[in-house]
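Consider the structure shown here. The paragraphs that follow go through a few of its residues in turn.

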Amino acid sequence: MLEPLRRIAAYAVCADPSGRVLLVRASQHSGTPGTWSLPGGAVDHGEDPNHTVVRETAAETGLSVAVSGLADVLADMRALPDRGITLHTDRLIYRVSVRGGTLTDRVDRPTDLARWFTLDEARGLPLRAFTARALGLPAGAADVVPDEAPEFPSFNAVPGPDGLHRAQRFAAYAVATDPEGRVLLTRVSDGYPGAGCWHLPGGGTDYGEQPGAALIRELVEETGQTGRLVGLLGVASHRDAASLGPEGYPIDWHGVRAFYRVVVDQPAPPTVADVGGSTCEARWFARHELETIPAERLTEVTAEAVQAAKLT
């Protein structure tokens, strides 16, 4: 049996003035030697993914980049039998531009080469599947994909070197509206971080699950509504260094949350199916009602997402 692991990572789609894209090659020290991918890597605990993509691109290519926008969010699984693990990665794909620096090769690192390629040239390379998708090219076959997702807890806090538990969690949320323009919000149950605050419907994604599919599933479970995914609005990153929840002990919590615009074409009276969980109420708000909710009664991700959707 392969041990299941999860991580969150951020990557750069970088094009030069002639339209060539920047790719890096996996070395013999990686799990997929010889394959090519977008520059990027794992998000450190508490790190904003915007900073991750700048840091990792500089480390892997020698170039300093500036983030211009979020291009996509996706997830994938791959088996690494040589390491005894199955890895689920939530990948944030950013558009970036080069600020300066010099393209640099690396020795004895997980990636060893960085090069510019036209899309036609990239098409002939052994590309990682997520890289092919990000570039709009045929899916690569470099990854070994497990037949089914292993069991893995949706919440996984582990002791850190200082003895304090740490948890990094990826989640997907909906800025959901109906034909009348009402906005759907949920209220956080007592005993959970943000208790009593209004929150977006959604939550943590399951192992092997795509963010969009998780969002539509959570929408039904938390509110009884069937929604239609319209588009990606953004990603929020928040850290609470000593979060208190139902576990009963402080957790250094880092949440990375993608939020999407969702339309509920046939709204119904909201119902919470998961009774006793983190959601105690769901409600439709007219726009003018939304504007009257005090800022301290909205969770951080809700405030960011509502602003990004230009609802207030």
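Does Lys 310 count as buried or exposed, and at what relative accessibility? Lys 310 counts as exposed, at 71% relative accessibility; here buried means under 20% relative accessible area, exposed over 50%, and partly exposed in between, with a 1.4 Å probe and protein chains only.

This is a predicted model, in which local features need pLDDT of at least 70 and side-chain atom pairs count only at pLDDT 80 or more, while totals for chains, interfaces and linings use all residues. Residues are numbered from 1 along each chain as its sequence is written, and side-chain values use heavy atoms, with hydrogens and water left out.

Lys 310 sits in the segment after α6 (300-308). Helices (H or I, at least four residues) and strands (E, at least two) are DSSP runs numbered from the N terminus. The phi of Lys 310 is positive, near 60°, in a residue other than glycine. Most residues other than glycine have a negative phi.

Asp 108 also has a positive phi, of about 60°, and is not a glycine. Its place is the loop between β6 (85-101) and β7 (111-117). Asp 108 is exposed, with a relative accessible area of 59%.

Pro 201 belongs to another loop, the one between β11 (198-199) and β12 (202-204). Pro 201 is buried, its relative accessible area being 0%. Leaving aside residues up to four places away in sequence, Pro 201 touches several residues, among them Ala 172, Tyr 173, Leu 184, Leu 215 and Glu 222; contact means heavy atoms within 4.5 Å. Between Pro 201 and Leu 22 there are 37 Å in space, C-alpha to C-alpha, and the two are 179 residues apart in sequence.
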